[in-house]
Amino acid sequence: MSRAWRSDHGQPVSPSSPTSSQEEDDSEWNTRRRPYWPAYRSVFLRRGFRLDTVRDVKQYYRDLGIDVPQSIRMRLAHADDELCPDVGLPDNLFRGTVVRDGSKFVVKAVHSRSRELDIIHYLSTPPVRDHPMNHCIPVLDLIHIPQDQIAFIVMEEWSPELIPLRLDVFLRGMRQCIEHILFMHQHRIAHLDISLRNVLTDYNGNYAYIDFEGSRRFDDSSEHCMAGYRGTEVPPECGTGHCTDPYKIDVWALAILILRVCKLTGQCVPGLLEIIKPMLNDNPDDRPTLREVLKTFDTTIPLIGYPSTR
């Protein structure tokens with residue numbers, strides 16, 4: 001028998017979205033776009049964005065003072081003005097430079113009716129964009145090409161390298177990771193692919209989430225249930241084939257994320273490990289909500305002698 005669950009309450013919720021139905025999971029709208037990037041080069045330039053060329057990549061390695069890796073030398077044999085995709089990125093992503101200030105960006109191609117575009121647009125539009133609990137990657141522009149049914153999400157370029165941090169910076173970053181997913185839940189959005197590869201840092205103590213391809217934005221009925229979860233971190237209940245609570249999937253995956261960040265950065269905080277232990281309960285009904293997790297974090301961390309992270 002199908003079950004249903006409720007999200008954290010007490011905050012304004014996002015309006016109903018037509019992209020929250022299970023039937024659209026496998027639709028063309030939510031498959032990855034692989035555009036022919038040169039066809040859109042002039043569109044980006046008109047909006048103030050320059051896609052990386054062979055010249056840019058050569059200059060990048062010159063500035064670093066290192067040899068060009070063997071894996072990309074063939075690409076650099078083309079003319080300097082030709083576009084040069086990053087071999088480390090999938091075909092739906094491209095790097096570039098903001099013309100105005102020389103800062104770097106990453107652009108992602110999506111279907112113009114995809115769930116990801118709907119969610120990114122919602123999280124990146126005032127007043128939601130400016131809420132202090134919102135730690136979505138900063139979006140510089142959303143470029144729509146209606147005739148091709150494609151859109152481009154232009155984002156600030158942050159780093160996936162989570163180097164060892166001072167303890168206070170680390171704890172503040174972990175609080176941001178909890179806070180943003182709680183914020184999404186309050187707006188009836190489940191991320192559904194919380195993992196190391198989907199969290200970035202600007203090296204200034206700020207963490208941000210990316211990649212909302214698998215995310216769901218539910219309608220205002222307050223009742224949610226899903227099957228067929230395919231995220232990176234898979235909780236035990238998703239192997240049963242039964243309908244599952246998307247918010248409790250996020251709680252479990254967030255606990256795994258925090259454990260992995262602790263290991264990578266060498267920050268093993270006993271109090272933090274105690275906070276995430278109930279998040280890993282095999283029974284999703286026994287996992288706390290993220291509102292409860294954040295409240296416990298804010299009361300426990302100062303009590304065990306660590307600095308406040310608020």
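Reader: Let us begin with one side chain: is Arg175 buried or exposed?

Author: Buried means under 20% relative accessible area, exposed over 50%, and partly exposed in between, with a 1.4 Å probe and protein chains only. Arg175 is buried, with a relative accessible area of 8%. Please note the source: this is a predicted model, in which local features need pLDDT of at least 70 and side-chain atom pairs count only at pLDDT 80 or more, while totals for chains, interfaces and linings use all residues. Residues are numbered from 1 along each chain as its sequence is written, and side-chain values use heavy atoms, with hydrogens and water left out.

Reader: Which residue meets Arg175 in a salt bridge?

Author: A salt bridge is a side-chain nitrogen of Lys or Arg within 4 Å of a carboxyl oxygen of Asp or Glu. The partner of Arg175 is Glu179, with an N to O distance of 2.9 Å. Glu179 is buried as well, at a relative accessible area of 11%.

Reader: How many salt bridges does the whole structure hold?

Author: The search finds 20. One of them joins Asp168 to Arg166 at 3.0 Å, N to O. In that pair Asp168 is partly exposed, at 24%, and Arg166 is exposed, at 55%.

Reader: Which residue does Arg260 meet in a salt bridge?

Author: Arg260 pairs with Glu233, at 2.8 Å from N to O. This pair links distant parts of the chain, 27 residues apart: Arg260 belongs to helix α5 (residues 246-265), and Glu233 to the loop between β9 (216-217) and α5. Arg260 counts as partly exposed at 40% relative accessibility, whereas Glu233 counts as buried at 10%.

Reader: Which residues are linked in a network of salt bridges?

Author: The network is made up of Arg32, Lys108, Glu116, Asp211 and Glu213. Several of these names return when we turn to pockets: Arg32, Lys108, Asp211 and Glu213 are among the residues nearest the centre of the largest pocket.

Reader: How is such empty space found?

Author: Rolling a probe the size of a water molecule over the atoms shows where empty space is left. On a 1 Å grid over the protein atoms alone, a cavity is a set of points where a 1.4 Å probe fits but cannot get out; a pocket is an open set with protein on both sides within 12 Å along at least five of seven lines; lining residues have an atom within 4 Å of a point. Grid points are joined across faces, edges and corners, and a volume is the space filled by probe spheres set on the points.

Reader: How much space lies in the largest pocket?

Author: The largest pocket holds about 1,000 Å³. Its lining has 41 residues, and Asn198 is also among those nearest the centre. β2 (93-98), β3, α3 and β5 (150-156) are the elements that give two or more residues to this lining.

Reader: Which helix gives the most to the lining of the second largest pocket?

Author: Helix α2 (residues 54-64) does, with six residues. This pocket has about 470 Å³ of space. Of its 16 lining residues, Asp52, Val57, Tyr60, Asp86 and Arg95 are the closest to the centre.

Reader: Which residues of α2 are buried?

Author: They are Val54, Asp56, Val57 and Tyr61. These residues lie on the same side of α2, because they cover an arc of only 170° around the axis, taken from the directions from the helix axis to the C-beta atoms. Arg62 and Asp63 are exposed on the other side of α2.

Definitions and conventions
Helices (H or I, at least four residues) and strands (E, at least two) are DSSP runs, numbered from the N terminus.
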